[in-house]
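Student: I'd like to learn how to read aromatic contacts in a model. Can you walk me through some?

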Amino acid sequence: MNPVVGLDVAKGESQVQAFLDKSKPFGKSFSVKHTREELHRFIGFLKEIEKMTGQMPMVILESTGHYHTPVVQFMEEHDVIYILLNPIISYQAKKSSLRKVKTDAIDAYQLCVLYYKEDFEPHKNRGLQLLDLRNLSRQQEIVTNMYVEAKLQFHTILDQVFPEYRKVFGDLYSKVSLLMLEEFPTSEAVLSAGESKIAVRVAEFCPIRSVQWAREKAKKIMDAAMRNPFQKVVYQSHLINLQMYIEMLFQYQGHLSILENRIVTLANELEDYKIVQSIPGIGEKIAATIISEIGEIDRFSHPKKLVAFAGVDPRVYSSGKFTATTNRITKRGSSRLRQASYLAVLCGIRSSRNKKLKEFYDKKKSEGKPAKVAIVACINKLLHWIYALLNRKESFLDIA
C-alpha cells in the first residue's frame, strides 16, 4: 500500500485527509490546530495509518508563506517525511476538476489525489545558516523599502518647511545633515542662532572634518535660510512631522546597519559566498542574496532548473500550426534571485567589469537582439556559471 496524508494549511490550523492507497480515502477529513497538543494528535494519526498499512504515510502540503512553518518544524522533529508543494502546481491540479467547489476539506482531498498522479520528491531540509541568511536578506529588503518610503514622506514635509536646505549637504540623509535639521528646522531658527553658533554645531556633529569645512557649511546653511520662501512656519504640525521623520530615518539607518553587518558576518562563514563573489560585478549584498535564495545547489539537478527557479526561462506558447514569435520570461520562482541576478549583470557589463559577460552581451546585440533580451540572455548565462562554480567549488576565472 502507498498511504498519503494531505494537509490544507491555513492560519492557525490545517485540514487533514488521509488515503490508504490510490482511490482509497480513509475516513472523513478533520482539522488540527497548530498547537503542540493538537500536532501530537496528528503524529498519532500518522502512526495509526502506519499500523494499518505497514508503511508510514507521506505527508503532502502546500507552501503557504509562514503558516506552514509550525507544522513543518514539528514534523521534522518527529522525522516525518513530507512533500512541500509549490502552490502553482496544486492550483493547476484543482483547476482540472469540473466542479467549482472550494473548501479546505476538498483542497486536502485534492492534494492526496495529486500525489498519486505525479512523482514528487520528498522535501530536502536546508541548512540553518543559509535559511538564517535568507531571512536576514529578506528582512533587509523590507526595511530598505520602509526606509525609502520614509525618505519620500520626509521630502514632502521638508519642501513645506525648509526646501533650500536640500542644497547644503551632499548627502541629505547623513548624520550631520539630519542632526542639524533636527536642531535648526526653520529659517527663523537658523537666523536666530547666527553663523558662528551654526559652525560650532556642525563641527560638533561631524568632528572628523576640518573647522574650515564646518564654517563653509554654516555659511551655506545661512544662505539657504535667507533664500528659503518659508521664513515663518505657519503649521506647527509640519515641525512635529519633520521631527518624527528624522527620528524614523535614524532608526532605519541603524536597523539597516545592524542587518548588513550580520549578513556579511554570516555569509563570510559560507564557502559559496566567496565563490559567487569571485564573479566580477557581484558584490557583498548581491552575493548574499543569490546564495541565500538558491540554498544548497544540489537542490537543482540541472542548470536549467536553477534558471526556471529564477523565473528567467522563456514562456513558450504553441498550438496547432501557431507558434508565438515573442516569448516572454515566466517570472515564476524567486523574484529576489531574479532581481539580484539582473543587478549582477548590469554591474558586470558596465565598464566591462566582467569581460566574459560583456563579450556575450555584445554578441547578442550584434545579432540584432534588443537590450532587454540581451540582458535576460546574460542572466541565463550567469546562472549557468553560478551553478557550475558551486557544484565544482571553484572560483570564477575571467578573461585576462
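Predicted model: local features only at pLDDT ≥ 70, side-chain atom pairs only at ≥ 80, totals over all residues.

Student: What kind of aromatic pair do F30 and F45 form?

Tutor: Look at the angle between the ring planes: over 60 degrees counts as edge-to-face. For F30 and F45 the planes are 80° apart, with the centres 5.0 Å from each other, so the pair is edge-to-face.

Student: Which elements do F30 and F45 sit in?

Tutor: F30 belongs to strand β3 (residues 24–33) and F45 to helix α1 (residues 36–53). They are 15 residues apart, and the pair links distant parts of the chain.

Student: And is F30 buried or partly exposed?

Tutor: The cut-off for buried is under 20% relative accessible area. F30 has 22% relative accessibility, so it counts as partly exposed. F45 has 11%, so F45 counts as buried.

Student: How about Y165 and F169, what geometry does that pair have?

Tutor: That one is tilted, with 55° between the planes and 6.1 Å centre to centre. Both Y165 and F169 are buried.

Student: Which residues do ring pairs link into a cluster?

Tutor: F19, Y109, Y115 and Y116 are joined that way.

Student: Which charged residues lie over the face of a ring?

Tutor: Here you check the distance from the charge to the ring centre, within 6 Å, as well as the direction relative to the ring normal. R299 lies over the face of F309, at 5.5 Å from the ring centre. K381 lies over the face of F360, at 4.9 Å from the centre of that ring.

Technical notes. Residues numbered from 1 in each chain as written. Heavy atoms only, no water. Phe/Tyr/Trp six-rings, centres within 6.5 Å; stacked < 30°, edge-to-face > 60°. Helix = DSSP H or I, 4+ residues; strand = E, 2+ residues; numbered from the N terminus. Buried < 20%, exposed > 50% of the residue type's maximum accessible area, 1.4 Å probe, protein only. Lys NZ or Arg CZ within 6 Å of the ring centre and 35° of its normal.
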